[in-house]
Amino acid sequence: MLSEEALRAARHLRSDFEKGGIHLSPEKLDRINQLNTNILQLCREFNENIISDPGHVDIFPASRIPKKLYHLAKPIRHPSSSEKGLRLVTEPNTLCSILQLTSDAEVRKLAYLKGNSAPRANLVVLDKLLSARHEFSEILGYKSYTEFAVKENMASSPEVVLSFLHDMSEMVRPKADEEFKTISDFKRGKGGQLVEDLEPWDEPYLTRMMKSSAHNLDYSVVASYFTLPQCIEGLKVLAESLFGVKCHEIPLGPAESWHPDVLKLSLNHPDEGELGYLYLDLKSRKGKHPICAHFAIKGGRRISDTNYQLPIVALVCSFSGSNFQSVRLHHSDLETLFHEFGHALHSLLSRTDYQHFSGTRVVTDFAETPSNLFEYYAWDYRVLKTFGKHYSTGDPIPENLVKSLQGAKRMFAATELQGQVFYALIDQALHTAKPSSVEDTISIVADLKREHTSWKYVEGTHWHSRFSHLVSYGAGYYSYLYAKCFAATIWQKKCKEDPLSVEAGSALRSKFLQYGGAKDAPAILDDLVGNSVTRNWNGGIVPDITCLGQEMKLFK
């Protein structure tokens, strides 16, 4: 008699084979295989272009750039006047620093325009990718790639996804508009009546300034408490406090590592023994992809009644610093590290009979829930004080500084959430209708920005050509918003009262993480926090938005 998990594995395997076209005629199957190959090549080309062509901006004179950004710049001379200047590569992290820290609006504009119009080659790559995915899904009998991608998710249909996203857009719009007016009024107050309209390159600079002023916040001071070694200690604190798991650094074998920066941790439970292995490759270097990600190298699975194949995962980030000890994380970097560690814990703590269900191998719109949940731990003083130590004095991070961070986070939270809704809508729109040209994808993005935000679309830009989630999460980016809703409910109902308690950890592991994809996501959620966390709509399942809305004060 097959177990329920074995039957589930059989159903999933059949579905996977059908997604690959095994049931089609030989001619159609050949075309499906060709398209799959093309899609993989286009995805790789898209990501390679992001690395090889990040764009750059040349600024003269060099004094227009804040000195704190000089380490990111290359000294140059003007070809005609020999004037000294600086060249700044506009890859995402550097662009973010330029936009946040540069007072010269013209420099910010130049950097914004360049950074959001590179790599141009990806417009053609994306056009080909969307076309290939559309043909692929049509051969398999779907109206669109979106329909193909979400069918087996909780949402189950594009209509459910769009309804959820439009509900989110409507919920966040009033407060986001208030925030837009606040930023606009602040700019006008600084520049007087002659000041021009609020521009997209103003937002990072002005909001950072407003947050710093309102909460007496110096972000460089915050970073002084989060050296990379201390942040790794923070990961160990989470694992041990919540799950009783100790993380030990162990030596790497010959040729085991892909770079000298890589660390290897072994996770050990006092009663269960070794649970798995975690590689950490966290420091930036030339040629390394700028995004942060979790990779499952080997999934866990039951080999026999007494033997379990241990999972092996890697966390890859790109935190800047001259050497490992000197890397200091901005708080947003710490949040990212905890996010990725949530994925890693899902992979390392799941105990499934089949590798097919190990860890993060769940329906797409459930996969980001652990990672979003662990972001909350990066904001809680009770957690931060356990490892946030000043790099020179060793003093723990002050509670007032954490309260300032929390207050700053709340200031423009609706604008940030609105941005995530906008990204998800782009992903859905591009994968629903087959774009007829490069210009078509640009116009879709422009129209959605005008419809769902108060911010201008800047002609000539095409930010989506470096939006790597279009490749990795095709038609699934809405999953981040599902996860934000689920995580808000789990945090409020299970973790907020005592986030490092054994009780919270036990519930998370025994009712959530251990199942991986071996149990239906709604059943896991219902068992963990009760059936109020989801609701049925039009044949699909959507998150309840109450806890997130209350947390962000979006309800009047």
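This tour moves through a predicted model, from its nonpolar core to an aromatic cluster and then to a few charged side chains. Residues are numbered from 1 along each chain as its sequence is written, and side-chain values use heavy atoms, with hydrogens and water left out. Because this is a predicted model, local features need pLDDT of at least 70 and side-chain atom pairs count only at pLDDT 80 or more, whereas totals for chains, interfaces and linings use all residues.

Select L278 and Y377 to begin: of the 130 residues in the largest nonpolar core, these two touch the most other members. Such a core is a set of buried Ala, Val, Leu, Ile, Met, Phe, Trp, Tyr and Cys residues joined through side-chain atoms within 4.5 Å, where buried means under 20% relative accessible area with a 1.4 Å probe, protein chains only.

Next, show the surroundings of Y377, which, leaving aside neighbours within four places in sequence, is in contact (heavy atoms within 4.5 Å) with residues including L238, F338, W491 and L508.

Move on to the aromatic cluster formed by F422, Y423, W463, F467, Y473, Y477 and Y480. Within it, Y477 and Y480 are both buried, and their rings make a tilted pair, 4.8 Å centre to centre with 40 degrees between the planes; rings of Phe, Tyr and Trp (its six-membered ring) pair if their centres lie within 6.5 Å, and planes under 30 degrees apart count as stacked, over 60 as edge-to-face and the rest as tilted.

Finally, select Y515, where the charged end of K519 sits over the ring, 4.5 Å from its centre; the criterion is NZ of Lys or CZ of Arg within 6 Å of the ring centre and within 35 degrees of the ring normal.

Definitions and conventions. Buried < 20%, exposed > 50% of the residue type's maximum accessible area, 1.4 Å probe, protein only.
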